Amino acid sequence: MSRQPVNSDFPSRLQLSVVQPPSNQAPVNVLLLLHGLGDSKESFAQLARRLSLPQTTCISLQAQSPLPFDLDGFHWGDDITFDQSKGMMDYDTGFNKSSRMVKEDVIEKVLLQKCGFKPRNIHFFGFGQGGMAALATALAYKTELGGIVSIGGPLPSGTPHSGGDEAKNKTPVIVLGGSSQSLLTQSALSNLKQAFQMVEYVKWPRAGDSMPRNRDEMLPIMKFFAQRLQSKSGVPEGAVEVG
């Protein structure tokens, strides 16, 4: 039987926020939330409280590397590089360190060994670079996890994976993004489908890969949770609204 994780279960070097299930329910699932480039754990801890997913402990993880030049926020990449053509920081700078940290220090040593969760009950919600880190972690772990929600986060380039259908990762994935100005290009979607057996793509009728702006944009995510989270309580009716 699984038990509720607490902050003291994790290495002190990790910055994270643990949000318990609503109404002090016993946890069956864990949702790991990985923020986007330049953000921190606080915003996704607030999101976790608004989601109010039944029998699900939410853990908002903070990337370990701060942005350079006294900029606020953190990043999940192995390095920091600038895309000269776009005049902005590159999202895809390697995820070996972050995927190893999440896989070993969070999933294996705490959620599985200390708290007794099953891999099937461990889920991800990632935005942008956080979604990329979640996908890289799932491929590094290899065993089927509960599911991955990635908003505007494609599979990182150079991520090793097996191409055969039988060797593909069995963790279900849903990726969401805008109809233009999106990192989720046809090539990116093709790469995802080569690595994962089950990939659902939701294209919003707007530009950009920002977080969901309304109920309609959030609904596919809540449906995905309803299918994948193991809970007898169902998804609360009011939990679809975000923002």
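Predicted model: local features only at pLDDT ≥ 70, side-chain atom pairs only at ≥ 80, totals over all residues.
Is Glu217 buried or exposed? Glu217 turns out to be buried, with a relative accessible area of 8%, and its side chain meets that of Arg206 in a salt bridge, at 2.7 Å from N to O. Glu217 belongs to helix 5 and Arg206 to strand 11, which covers residues 199–207, so this contact ties together parts that are 11 residues apart in sequence. Arg206 is buried too, its relative accessible area being 11%.

In total the structure holds 7 salt bridges, and I will mention a few of them. Arg228, at the end of the range 215–228 that makes up helix 5, pairs with Glu144 in the loop between helix 3 and strand 9, so parts 84 residues apart in sequence are tied together; here the N to O distance is 3.3 Å. Within this pair, Arg228 is buried at 15%, whereas Glu144, at 30% relative accessibility, counts as partly exposed. Another salt bridge joins Asp9 and Arg3, whose closest N and O atoms are 2.9 Å apart; Asp9 is buried at 9%, while Arg3 is partly exposed at 34%.

Let me turn to the aromatic side chains, where the structure holds 1 pair. The ring centres of Phe44 and Phe125 lie 5.7 Å apart and their planes stand at 75 degrees, so the pair is edge-to-face. Phe44 sits in helix 1 and Phe125 in strand 8, and the pair links distant parts of the chain, 81 residues apart.

Notes
Residues numbered from 1 in each chain as written. Heavy atoms only, no water. Phe/Tyr/Trp six-rings, centres within 6.5 Å; stacked < 30°, edge-to-face > 60°. Helix = DSSP H or I, 4+ residues; strand = E, 2+ residues; numbered from the N terminus. Salt bridge = Lys/Arg side-chain N within 4 Å of Asp/Glu carboxyl O. Buried < 20%, exposed > 50% of the residue type's maximum accessible area, 1.4 Å probe, protein only.
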